[in-house]
Structures are given as C-alpha cells and as structure tokens.
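Student: I would like to go through the charged pairs in this structure. Could we begin once it is displayed?
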Amino acid sequence: MSTGPGSTGAPGTGPGPRARAPGLPPPAERGATVIPDRVLARIAASAAREAQGRRAALPGDQSGSSAPSATAATRTGSVRLHLTLDLPYPSDIPHVCERMQRDVAERVTELTGLRVGEVALTVRRLLTTGGAHRGRVR
C-alpha cells in the first residue's frame, strides 16, 4: 500500500512505477545512451585481455608480451572492433582467434547492450612458451 504524496492510499490508484509524468514522451522516445568509441575500445581491450588469458594461455607476466589494444567504430547501433594482440606459439592460431573474436563480441555486447557486427584481429607477434628469445633469428 502506497502512502506517499499524491497517493490515494488504495493499491493501483496512485502514481506507480509505470505511471508517465505529464508532458514526457514514452521512454522509448526520450533519447538514447551514447557510448563513445574510445570507451568501447577500452571495454574491448579489457575483454580481449580476459579472453587471452582463457583462450591463448599467455601468462600476464610473459616477457615481451604487450597488452591487447583495440579500436572501435559505431555505425547505426552496430560496433566494429579491431584488436591487436600477441598469441602463443605453437597453438592452433585460427581456432584461438575464432574463440577470442566470439568471446570479445559476447562480452562487449553483455556490457554495453550494443550488437558487435565484426571483430577483426591482428596478431602482433607469436610468443614461444619456452622463452621470448628462443627460435629468434638475429
């Protein structure tokens, strides 16, 4: 039972959560939340770090490893992401990339509510698990 100002005291008769304030358009017509591309890029880079830890098995303290970087572009409610990251070698690179693309797209959608239309990956370098210098040609 509601007892606040403007309430008649009877259930369902006062201004409740569904009541619309006079003069305001319906919620769907009031506007939109805009997330800047640079914020989307930071979210995507963070999601790529999470996915890299799960899918690529790169330890965070691997010498020579750099954190993933990202750029984002939003067009008509869809986001296009470009990630640059390191991957371990040897590994099934196409499979790891596909899983990372899916993980990042799902996480960005989960956090922002925006549809991710594309996730492009650039592999910056392949890191051997035995050491950063092993197999390196000088």
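Student: What does glutamate 118 form a salt bridge with?
Tutor: In this predicted model, the partner of glutamate 118 is arginine 80, and their closest N and O atoms are 2.9 Å apart. The pair links distant parts of the chain, 38 residues apart: glutamate 118 lies in strand S3 (residues 115–128) and arginine 80 in strand S2 (residues 78–89).

Student: Is glutamate 118 buried, partly exposed or exposed?
Tutor: Glutamate 118 is partly exposed, its relative accessible area being 35%.

Student: How many salt bridges does the structure hold?
Tutor: The structure holds 8 salt bridges. One of them joins the side chains of arginine 102 and glutamate 98, at 2.8 Å from N to O.

Student: Where do arginine 102 and glutamate 98 sit?
Tutor: Both belong to helix H2 (residues 93–112). They are 4 residues apart, so about one helical turn separates them. Arginine 102 is partly exposed at 35% relative accessibility, and glutamate 98 is also partly exposed, at 43%.

Student: Turning to glutamate 110, which residue does it form a salt bridge with?
Tutor: Glutamate 110 forms a salt bridge with arginine 107, with 2.8 Å between the closest N and O atoms. These two residues are 3 apart in helix H2, which means a separation of about one helical turn.

Student: And how accessible are glutamate 110 and arginine 107?
Tutor: Glutamate 110 counts as exposed because its relative accessibility is 58%, over the 50% cut-off. Arginine 107 is partly exposed, at 26%. Through salt bridges with shared partners, Glu50, Arg107 and Glu110 form one network.

Note on methods: Residues are numbered from 1 along each chain as its sequence is written. This is a predicted model: local features need pLDDT of at least 70, side-chain atom pairs count only at pLDDT 80 or more; totals for chains, interfaces and linings use all residues. Side-chain values use heavy atoms; hydrogens and water are left out. A salt bridge is a side-chain nitrogen of Lys or Arg within 4 Å of a carboxyl oxygen of Asp or Glu. Buried means under 20% relative accessible area, exposed over 50%, partly exposed in between (1.4 Å probe, protein chains only).
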